[in-house]
There are 2 protein chains.
Amino acid sequence: MSSNVVLNLIIAEAALELVPGEISRHASVRNDARRRDLEPSRILLDRSIHHAAMLRLKEDYKRGRPDLVHLTLLSITSTPLYQQAGAKVYIHTRDDLVLEFKEQTRPPKSYFRFRDLMQQTLYEKPGSGLITFHAESVPRLLSRIGSDPAIGLSVQGNPMKLEDLAIQLVGAKNPAVLVGGFPKGHFTPETTKALEKLVRIDANALDAHVVAARLVYETEKAVGHRSSSS
Amino acid sequence: MSSNVVLNLIIAEAALELVPGEISRHASVRNDARRRDLEPSRILLDRSIHHAAMLRLKEDYKRGRPDLVHLTLLSITSTPLYQQAGAKVYIHTRDDLVLEFKEQTRPPKSYFRFRDLMQQTLYEKPGSGLITFHAESVPRLLSRIGSDPAIGLSVQGNPMKLEDLAIQLVGAKNPAVLVGGFPKGHFTPETTKALEKLVRIDANALDAHVVAARLVYETEKAVGHRSSSS
C-alpha cells in the first residue's frame, strides 16, 4: 500500500459491461451502434437506451447502468481525500473485470467522455497507464491488494454509525470498503463470503453515489481528528 | 414554507442555458443540432461539445456545464432528507431563470434524459407541473420564498465547520443555502449582496456536487440530533 492511502474503495459488481453478444442484433442496440458509428460489441450496455433488448438478459435489473457507476466514481474522485491520494478506487464489474485507477487520476465529468473511456478500456483491456485492467473476482482482488479488513456496505448488514466505521477504517492497516455498483439487489454470496463484515449505514436504502460520498467525507473527518489528536 | 422543509437549496448562477443565438451558426453547434435533429436554439450549451464555439462567448469559463448541474442536483435529490420532503431545490441560471422542483420530484439519473428535460423546460417555460418556471434574479427568488437566513457557500466566505452551519440552519425559520452551479469563478456582486453571509466549509475549493452532498448529509445529522434531544 502506498503510504498516503487510508482507504481502498471498490465499486463492486458494477453494472458496467459492453453489449453482450446475445442481444447485439436487437433493434435498439443496432440503431444505437449505427448512430454512433461503432460495432455493437464496442458500445456500453445502457438501460436508458437498450431497455427493450435487456428484458431477455439474466439479472437484467442489476445491469446496464453506467450512469450510476459514473456518479459513484465522481462522488469519490471529486473529494479532497482522493485528490490528496488518500483514497484509491477500483471498479469491479459483474463480469469479474477490475479497472484500477492510478492514485489521483481524474475521470471525465462529462458522461459522454466517461462512456467513451469505459468502452475503450473494456474493449482494449490496457495492462498499464492511468487505468489498469485485471480479470479477477472480488476475493482475488481483495487478496491481491492485501485488504485488512474488507467491509461491504449493504442494507443487509448490521447497523453501524458511519462516523464509527470511519474511525475504525482510519485505524486499520489497509482497509477496503465495497459499495455495490448496481441499482437493485445485493452482493453475490461469493462477494459476501470474502468480506469481514457487512455494515448498514442508514435506515434507508441509499444510492451507491450517496453512500460513497458520505463514506469519503466521514473518512476525511476521522483522518482530521486523528491528525489533530496525535 | 411547507411544514417539512428544513432547507431550501439553490444551485445558483448555474451553467445551464440553451445555445445563445450568437454562436448558433458555428460548425460545432450546427453539427450537434443536425445529429440530434433539433434546432440550435433548442439544444443545451455544452462545453464538452461546443468548446470551439464557446471561446467567443462572454464569461465562457462559467458557462455550458449542464453535467455539473446534473451531478449537483442528483447529490441533493438522492438523499433521505430530500426524499422525505425535508429539502426543496431550485436551479437559478446565469440568465436569471429559475426552475423550481416540486418537493420529492426525482430528476432523471441518466444524463441524456436530464439534458432532454432541461432543453424542453428552458424552451417551453412551464408555469406548473413538477418543475415550474420563473424569470427572476437571486434577490427576487430569495424574497419570494421568504428565506431567513440566506447563506452562500464560497471559497471567498469566512471559514466555518459544516456541522456548525447545519445546526444553525436547522434552528432557523426558513433557511436557504446557495451553492454555485458553475465550474470556476465566484458569485456575482448582485447575488452576494442578497445574502446574509458567505461561508467557506473547506480549505480546498470543492465541486458544487461535493458541497451539496455534504451539506445535505450534515443537515440530516443535525435534524436527527434535534429530534433525539427534544
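In this predicted model, 22 residues of chain A are in contact with 22 residues of chain B, contact meaning that C-beta atoms, placed from the backbone, lie within 7 Å. On the side of chain A that touches chain B, the elements giving two or more residues are α3 (66-77), α5 (111-124) and α9 (208-229) of chain A. Helices here are DSSP runs of H or I with at least four residues, strands are runs of E with at least two, and both are numbered from the N terminus. By class, this side of chain A holds nine nonpolar, seven polar and six charged residues; Ala, Val, Leu, Ile, Met, Phe, Trp, Tyr, Cys and Pro count as nonpolar, Asp, Glu, Lys and Arg as charged, and the others, Gly among them, as polar.

Residues are numbered from 1 along each chain as its sequence is written, while chains are lettered from A and ligands numbered from 1 in the order in which they are written. As the model is predicted, local features need pLDDT of at least 70 and side-chain atom pairs count only at pLDDT 80 or more, whereas totals for chains, interfaces and linings use all residues.

Chain A is superposed on chain B by a rotation of 180° with 0.0 Å of shift along its axis (RMSD 0.0 Å), using least squares on the C-alpha atoms of residues with pLDDT of at least 70 in both. The two copies are thus related as by a two-fold rotation axis. The same surface serves both of them, as 100% of the contact residues of chain A recur in chain B.

Within chain B, seven strands form an open sheet of mixed pairing, in the order β4-β3-β2-β1-β6-β5-β7; two strands pair if DSSP finds at least two bridges between them. The edges are taken by β4 (131-135) and β7 (197-200) of chain B, each with a single partner strand, so one side of each lacks a neighbour in the sheet. Strands β1 (residues 7-14) and β2 (residues 87-93) of chain B pair in the parallel sense over six bridges, and I11(B) has I91(B) in β2(B) as its bridge partner.

I11(B) also touches V179(B), whose other contacts include L9(B), T72(B) and L153(B), not counting residues up to four places away in sequence.

Turning to chain A, R42(A) is found in the loop between α1 (27-35) and α2 (47-54) of that chain. Not counting residues up to four places away in sequence, R42(A) touches L18(A), Q119(A) and Y123(A).

Conventions
Two residues are in contact if their C-beta atoms, placed from the backbone, lie within 7 Å.
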